[in-house]
Structure formats: structure tokens, C-alpha cells
Amino acid sequence: MNSMKSMFFPDTVAIIGVSNSPANNGKIIVENMDRFGFKGTLYLVGGRRDFLGARPIYSGIREIPVVPDLTVILIPARGLRETLEECGEKGIRQVVIETGGFSEFGEERKGLEEEILKVAHKWGMQIIGPNCVGIVNVENGLILPFYPLYPHEAEKGPVSVVSQSGGLVHDIIILSNTENVGVNKLVSIGNKLVCDENDILEYLISDPTTDMIGLYLENIRDGRRLMDLAASTAKPLILLKSNRSPGSTHIAKFHTSALAGDDRVGDEALKQAGIIRVGNLPEMVNCFKAFTLPPLKGRRLAVMARSGGHAVLAADSVYLHGFTLASFSDEFFGMLSEKTRAGVIRRTNPLDLGDVFDFNVYMEITEKALKEEGVDGVLLLHSYALGGDLEPTLNYIASCGSLTRKYGKPIIFCTVPHREHLLTLREVKEFPIFNQVDDALAAVWKAYLHHRSIEEASSGRDRVRYKEGRALPPRLPEGVMAPAEVFELLKNFDLQVVDYKVADGLESGIKAARELGYPVALKTASPNILHKTEKGGVLLNLVDEPALSLAFGSMEADSYLLQKMAPTGLEIIIGGKYDSEFGPVVLCGMGGIFVEVYKDVSLRVAPVDEKGAREMIESLKGAPILTGFRGRPGYDLEYLVTALVRVSTLLVSHPEIGALDINPLILFEEGKGGVIVDGKIEVR
């Protein structure tokens, strides 16, 4: 952690790749550092000795009289390995490589990255990059991007950002500045060969001047570590994740693979970890604004607007986003009658204040609403006219900021500014302004859910850890497991399976059926036939030997599986898969042959405890069927919870399992348990 801190707070910085050329990118970094008032010492290195202003440019890293705390490299990729070796020999351990031209250009460039990794491991280097713009630390003026930045467009604030894209770092800075949101530390991690998003995130979580963290990621190196880091902090993590399109178009062999696409797994995993996922940069910045407001203690909003249309639309939006309209007291309405024309303003929420023209009265009504015990926050829709309304509006915004801080309740201020006032209104410090009600309430709702989850966690709720470190049992053989092998593995994890026997033909099949007892089911036991019903590999409810003999005559297979027919019940699917970013994932849903049609499933990253299993079940659309619907009896949910937990344990114990389908698990009525009648497992 201390070495990561020296990345952000170095006393000495070497910049390799500086010249006097007008197009030199290294020179831009020096200019950025000077503009932002970096107090440390810069050492410049170029291809030959020279001067940049009063600063000498050394011809090599060996000429620098000290060992720099941090070195920034911006030279052609072909000379990078030699330069890194010189840095290692010099004693340099913290490096930012901004050079591009690696795997982002093609797989054939991966050899260059492997060379960098070898040198980094040899010298114990921490490296950010390559193919990045490095670090922006507004706190101390460490500004490493090779594009120009200026202090007035990157003012200090509570927001820090980790981004795979250097261009998005620039856009986040500019957009945040436009929306009057201050930034703190921003890091472009590029190809993240050594330091990845989790390394930077771990530092920012500990950083006392970072209150919230934005992330832009194209892929996630270690999703389970990311989830654990999110669980370790009360700071909101707001993630914009790209590459949402399906990774392949092949037909999935397992129901779980078809239902649990990579992006859906990611979406559910992030939600499970309490990470707020957004779809674009404006939505991310709106969340930043929402988190600068005091947290809502509840969902009750007072809504005030200057027109009836605004008031009605705002009321719709309040309910759409999960909030409710607060009830005002008689005392509040009494005050309102005194301040307005009698009988004109209705005693309702939302309030139409179109008949009020005195900004001082606006302020009194706003403050009175905040004082109401039944009000958790105030939503203001403010329209103003050109001319004399601008200055009172600016004062009103500033007063709303003061009232928000005074009462610890948020005022959600929405206005559509005139074009010439677009930036003027947003320059009222320390108070966010939103353009659209829907955008504002969507962001505030995310903030409300985050604060509520943190309160629940602080009240003693244990958080499940997702980074496993325990010893694992012997690895399963690669490939698709035979049905009998699947059933034996499930039984080893205390999962109930229907009685079964394996037969190689009619004679052994008849013997097996006698031992099991009729009626029986006959299935092909070939591991290569995954969808047995579609291939004619399943014949059910065979009641005697003649029926069994006919069944054997119609089914050709190398081996056969005979099963005791299970009692009727509700068909459930339990699935599992190994996700490349988040590891083992558990799936639960309404089962049978229509599972891919209805797609009524829930997902959760393993391990899943009993609480998580119940949440999975409760989130299903078919949950009312499970609990009992219109006089029909419910099913054994406790058994299903236990089964989910045990499947989770199986997947964590055997991360080599690429896909698992238990379909169906027959769930019986409450208190009567259930049984697995079919299962498939593929080991990767």
C-alpha cells in the first residue's frame, strides 16, 4: 500500500521521452505539472542532452542524480525493454508506461507485453499501463496525461476514477467540471499488465480525500477480488462496463450457459457486491452528483413545481423510481395559506407554486417542507424567465445548498437553463443541479439503495467473502461426465438423487428394474447426449417388464440408466457455470423443458449462504407458486434453500466445473423435500 501511495504522492518524478519538439508528448506532461503547481522535482530524459526551459534534459536514466520515486515512460515500444532494465538497475520500482502499440493492436504484439512482465518481475516493479495516460492527482498536481489539462477544468473534489481508457479520463474530467463535480484522483490503467483495477481501487478505498469512486472497465481481471473490495467499504463504487454484447453465437449445450450469459452474470455479480452499474458517462456523473447530497433516510419526497404540468410529471416519476409522495401536516398548509393567495394553491403533494412570484416565499416554503417530520427530501422543479429571474434563481440555488446542509436532507434541484446560463447556474458551488427529473431520481434512488445497504451491513449483517483461499479436493477429469458419475458427485455433497442403476442391455436392465421397483424411467447413459428428451433418449413411467422390453427395443445406446420414477411435484432447475471474470456462479429457476422459453431464473456468485439462497428464490417471478397460490399448497422452500447452498459448495470446491445443470429437481410439498432426477456436468 505504501508503494502505491508513492505512485500518487512522489517527491521526485522522472519523465522519459522528453524533447523540445513542438509535437513532443513528454513536454506536454511537464507543462501539465507546471500548470497544476506540482511541488516535487522533475527529471527529464530524452534521446540527447538538451534543455526544456531551465530544466536539463538528460540523455539517459543513469545520468539522473537521484533514484526517482516515480518514472513515466513515453517512448516507442521497441526501446521499452532496454529502458525498463536501466530503470531496474537504477533502483526505480514505480513506473507508468504510457507507450502504446501492444496487445491492443493485435495478438502478435503480446510478446512485447511478456518482455515487460519479465523485467517487472525481475526488479519487483509496480507498473501502470502500458497504453495509458497515467495518473491525475489534483491534490498535489501530479498530472501525467500527454494531452493538455488546466486547473480550472479539473477542480478538486470528492470523486476518484479508475479507467481502462485514457480518453474517458479526459471526458470524465470535462463532464464532471461542467456539472460542478470536483475530481480528486484519476488513473488510466490501459492494458493493466501489472497493476489492475483492483490494485488501484484498494488504494482509493483507503484514500481519505476520496469519497466516491467511478470505474470504466472493458474487462474485469479478478471479479471475486473486486466484490470483496466493494464489500470492504462504505464508499460508493459506480461502474461503467463495456463489452456488453454476447461473446459468441454458438448454441449452448447447457441450459445454464444459455441463460447465464457473461453480461448477465456480470450484472448480477455487481449488484450482489453493491457496485452501482451505469450505462453511460452522463449517468455516472449524475450518480456522482446524487452522492454529494445528504443520504435519504426514507422514500418520502415533497414535490414542488412552478407549473401544474411539471408537478404531475414529477409525481409520476417519483413513483416510477420507487419513491412515494410525502404527506404534509396541517401546520405546513396553514403556513402556505398565509404566504399565498387564499384558495389558489391546492393542499396537495405535489405543490403547484405557479401563483408564487416572490423568491423569498419560495425559500420559506422550501425550508418549511424540509422541517416536516414526514418529509425525507424535497424535489424542486424550478422554471425561470430571462431577465430579472436569473439573479434571484442563483441566490435560490445557493440557499437550497445551505438548507440541505443545515437539515441533513437532500434538495433535488431540477431546472432547464437557458442556453446562455448553462454554466452560470452550475457555478453555484457545493450543490448539484439536474436537468431532467427522471435522470435525477434514477441517480438519487441508486444512492438511497447504497446508503440503506451500508446501514444494514453496519447493523451486524455478515458479508459473504468471494475470494476463496482454502485447499480444494482432487480435480475432476476433463470432459462431459457420465450420468452415473454426476449422480455420485451430487450425492457426495449431500444432494438427494432418485434411486438409479446402470445397465448394459435388456437382461441387466430387467434385473435393475426389479431391484428399483416399478414404475421406472429408462434413459441413455451416454455422456455425449446432453438433451436426451430431444434425441429420444428418455422413456418414462414404464410399469412392467413388457413395457421395459419395448423401451429397450426402441432405444439404442452403449449403456442405459434406469431410475425409480419420482413422485410428481414442481420442476426446478439449479445450474452452475464458471465465469471467466467472477468464477463459480449459481443459477436457480423454474425448470423443465420450458426453462429457456420463460427464462425465469436468478443468478448469484458462489459461495451462496442460506440468506442468499432465499433471496434468489424470492426474486423469481414464479415465487408465488413456490409459496402457495390461490389456495394451492406451497412447496418445500427449506429443502430448495439447502440444495442451493450445497450446489454452491460443490461449485466452489470444484472450480474446474465449467457448466452444471440439475434439471429437473422435483420439489415436493412443504416439509416433504425433493429429489434430483437429471443432471449434467461438463469439466473444463
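**Buried positions, ring pairs and an open sheet**

Ser648 is buried, with a relative accessible area of 1%; buried here means under 20% relative accessible area, exposed over 50%, and partly exposed in between (1.4 Å probe, protein chains only). The model is a predicted one, in which local features need pLDDT of at least 70 and side-chain atom pairs count only at pLDDT 80 or more, while totals for chains, interfaces and linings use all residues. Residues are numbered from 1 along each chain as its sequence is written, and side-chain values use heavy atoms, with hydrogens and water left out.

Ser648 belongs to helix H23 (residues 637-653); helices (H or I, at least four residues) and strands (E, at least two) are DSSP runs numbered from the N terminus. Apart from neighbours within four places in sequence, Ser648 is in contact (heavy atoms within 4.5 Å) with Val586, Ala606, Pro607 and Val608.

Just after H3, Gly91 adopts a positive phi of about 105°.

Turning to the rings, the whole structure contains 15 aromatic pairs. Rings of Phe, Tyr and Trp (its six-membered ring) pair if their centres lie within 6.5 Å; planes under 30 degrees apart count as stacked, over 60 as edge-to-face and the rest as tilted. Phe328 and Phe332 are stacked, at 4.2 Å centre to centre with 20° between the planes, and both residues are buried. Phe359 and Tyr362 have ring centres 5.3 Å apart and planes at 85°, so this pair is edge-to-face. Because Phe359 and Tyr362 are 3 residues apart in helix H13 (residues 359-371), about one helical turn separates them.

Finally, an open sheet of 7 strands has the order E9-E8-E11-E10-E12-E13-E14, with mixed pairing; two strands pair if DSSP finds at least two bridges between them. Its edge strands, E9 (142-143) and E14 (276-278), each pair on one side only. Strand E8 (residues 134-137) runs antiparallel to E9 and is joined to it by 2 bridges, with Val136 opposite Ile143 in E9.
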